[in-house]
Every structure is written in C-alpha cells, then in structure tokens.
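Here are some friendly notes to read with the model open beside you. They go through the side-chain pairs and then the packing.

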Amino acid sequence: MDIFQSPLMSLPGITPDEYAYLQQATAGLTDQQLRNFLMVYSSKRKNPSDMLIFCLIGLFIVPGLQRFIIGQIGMGILYLFTIGLCFIGSIIDIVNHKTLAFEHNQKMVFESLQMVRMGGFQQPTQ
C-alpha cells in the first residue's frame with residue numbers, strides 16, 4: 001500500500017516516527033479492525049503541535065497543564081504547586097513537547113489495540 005493512501009496518514013500532525021510505530025503495531029489487523037483502531041486511537045492521541053500549545057499555557061497561565069492533559073496527574077500537581085518546578089520543568093517540557101506527545105501516543109496505541117483485539121469496541125454494521 002502506498003504511504004499516501006494509508007489510513008494512518010489521515011491523523012493530523014502525524015510524524016514519521018509515529019507513522020512507523022503505528023504501521024508496525026497494526027500490521028496484523030484486518031481492515032475492519034484497523035478502522036476501529038483508528039477511530040479509538042484518534043480520539044485518544046495528542047497532536048504534537050497541540051502539545052506545544054498546552055506547554056506554553058502551562059508555562060504562562062496554568063503550571064502543569066500539559067502533564068494533566070497527558071494523564072500524569074501526580075506530575076501535574078507537582079508542577080502546579082512548584083510553579084512548573086520553578087519554570088525549569090515547564091521550559092524543558094516546551095523543548096521536549098514532541099517527545100511528550102509521542103510517549104503519550106505510544107501508550108494510547110497499546111490501549112486502543114487492546115480494545116480492538118479484545119472486542120471491546122464493536123462498530124455497528126450498516
């Protein structure tokens with residue numbers, strides 16, 4: 001299948017690393033399972049450019065917002081009470097926003113695959 005015809009390319013802001021990871025993770029899925037996976041995964045994934053916006057808001061307005069959004073509640077509370085670890089942690093998160101998004105998305109790939117493979121997600125037949 002051509003890379004530009006792949007349904008994985010429909011994800012906004014997909015990076016080459018994320019594409020390669022998704023391609024490897026979804027290798028054994030049927031077309032229906034792939035569609036179900038993409039539906040579940042696209043609702044859970046974080047776009048790296050959105051993560052940059054969250055990090056900037058976390059630096060200037062709500063310390064730790066980026067950590068709350070990716071599900072790291074403990075780190076979010078720590079950032080909130082220490083003003084982003086005296087701004088240093090928030091600045092590091094801005095620099096590493098792509099890594100934060102990619103690591104979160106890897107976890108969401110695993111969760112989404114579990115849902116699809118275990119049959120926890122059934123799309124109604126039309």
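**Notes on side-chain pairs and packing**

1. Let me start with a pair you can find quickly: lysine 44 and glutamate 111 join their side chains in a salt bridge, with N and O 3.3 Å apart. Lysine 44 sits in helix α2 and glutamate 111 in helix α8 (residues 97–117), so to speak distant parts of the chain, 67 residues apart. Please keep in mind that this is a predicted model.2. How accessible are the two partners? Lysine 44 is partly exposed, with a relative accessible area of 22%. Glutamate 111 is partly exposed as well, at 37%.

2. How many salt bridges does a search of the whole structure find? The search finds three. Another of them pairs glutamate 18 with arginine 45, whose closest N and O atoms are 2.8 Å apart. This pair also links distant parts of the chain: glutamate 18 belongs to helix α1 (residues 16–25), while arginine 45 is in the loop between α2 (31–44) and α3 (48–60), 27 residues away.

3. Are glutamate 18 and arginine 45 buried or exposed? Glutamate 18 counts as buried because its relative accessibility is 3%, under the 20% cut-off. Arginine 45 has 8% relative accessibility and therefore counts as buried too.

4. Next comes the salt bridge between aspartate 93 and arginine 67, with 2.8 Å between the closest N and O atoms. Aspartate 93 lies in helix α7 (residues 88–95) and arginine 67 in helix α4 (residues 65–69), so this pair ties together parts 26 residues apart in sequence. Both aspartate 93 and arginine 67 are buried.

5. While you are looking at helix α7, have a look at serine 90, which lies in that helix too. Serine 90 counts as buried, at 1% relative accessibility. Which residues does serine 90 touch, leaving aside those up to four places away in sequence? They are Gly58, Leu59, Gln66, Tyr79 and Gly84.

6. Turning to the rings, the structure holds two aromatic pairs. In one, tyrosine 21 and phenylalanine 102 have ring centres 6.1 Å apart and planes at 75°, so the pair is edge-to-face. Tyrosine 21 is in helix α1 and phenylalanine 102 in helix α8, which places the partners in distant parts of the chain, 81 residues apart.

7. Why does the pair of phenylalanine 37 and tyrosine 41 count as stacked? The ring planes are at 5°, and planes under 30 degrees apart count as stacked; the centres are 5.4 Å apart. Both residues lie in helix α2, four residues apart, or about one turn of the helix. Phenylalanine 37 and tyrosine 41 are both buried.

8. Not counting residues up to four places away in sequence, valine 109 touches Tyr21, Leu22, Ala25, Phe37 and Tyr41. Tyr21 is the tyrosine of the edge-to-face pair, and Phe37 and Tyr41 form the stacked pair.

How values were computed
Residues numbered from 1 in each chain as written. Predicted model: local features only at pLDDT ≥ 70, side-chain atom pairs only at ≥ 80, totals over all residues. Heavy atoms only, no water. Salt bridge = Lys/Arg side-chain N within 4 Å of Asp/Glu carboxyl O. Helix = DSSP H or I, 4+ residues; strand = E, 2+ residues; numbered from the N terminus. Buried < 20%, exposed > 50% of the residue type's maximum accessible area, 1.4 Å probe, protein only. Phe/Tyr/Trp six-rings, centres within 6.5 Å; stacked < 30°, edge-to-face > 60°. Contact = heavy atoms within 4.5 Å.
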